[in-house]
Amino acid sequence: MPILLAFLAIPLLEIVLFVQLGGALGVLGTLLEIFASGALGVFLMRLEPYRNSTDIRAALAADRSPASPMAHSALRMIGALLLVVPGFFTDALGLLLLVPAIRMIALRRIVVQTRPAPRDDIIDGDYTAESDAAPDPDRNRLPPDPRQYRD
């Protein structure tokens, strides 16, 4: 339900912002902002694979997990994609995702929300230790095929 609400609210918010800010900026200023943010988004999207591979290699060279650079790269790519989408609100969100401190806050919230709850169930079982004696040769033998005993 929240996703459906977002799909309805974001275009309405974009329209309101276009009317309000478009009146203040004028047609030429609005078009310039749309094309400039789109060009910036495309530039960042093309640059991201190289930056991502460099960050992952640096993390692996420092003997750290590459999960954090990959998560940052994903959020930078989402930010670049939001810059490509025309609109003032999506541009603001895209620019916010390009700020490292904002990405860290977003990643912490995502990790906290997706972390599984601690489990209290314990599975109890018994085992028997087998001796080191020679194994039974018939133990691994397959049972006879029942198809060969047809009448």
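Student: At what angle do helix H1 and H3 pack?
Tutor: An angle runs from 0 to 180 degrees between N-to-C directions, and axes are lines fitted to C-alpha atoms, for helices over the stretch in contact. In this predicted model, H1 (residues 2-61) and H3 pack at about 65°, and their axes are 8 Å apart. Helices are DSSP runs (H or I, at least four residues), numbered from the N terminus.

Student: Which residues of H1 and H3 meet?
Tutor: Contact means heavy atoms within 4.5 Å. On the H1 side are Ile-10, Leu-13, Glu-14, Leu-17, Phe-18, Leu-21, Leu-25, Thr-30, Glu-33, Ser-37 and Leu-40. They meet Phe-88, Phe-89, Thr-90, Asp-91 and Leu-95 in H3. The residues of this H1 and H3 contact divide into 10 nonpolar (Ala, Val, Leu, Ile, Met, Phe, Trp, Tyr, Cys, Pro), three charged (Asp, Glu, Lys, Arg) and three polar (the others, Gly among them).

Student: How do H2 and H3 lie relative to each other?
Tutor: H2 and H3 pack at about 155°, with axes 7 Å apart. H2 and H3 are therefore roughly antiparallel (angle over 145 degrees).

Student: Which residues do H2 and H3 bring together?
Tutor: From H2 come Leu-75, Ile-78, Gly-79, Leu-82 and Leu-83. From H3 come Thr-90, Asp-91, Leu-93, Gly-94, Leu-95 and Leu-97. The residues of the H2 and H3 contact divide into seven nonpolar, three polar and one charged.

Student: How should I read the numbering and the values?
Tutor: Residues are numbered from 1 along each chain as its sequence is written. Local features need pLDDT of at least 70, side-chain atom pairs count only at pLDDT 80 or more, totals for chains, interfaces and linings use all residues, and side-chain values use heavy atoms, leaving out hydrogens and water.

Technical notes
Helix = DSSP H or I, 4+ residues; strand = E, 2+ residues; numbered from the N terminus. Parallel < 35°, antiparallel > 145°, perpendicular 65-115°, else oblique.
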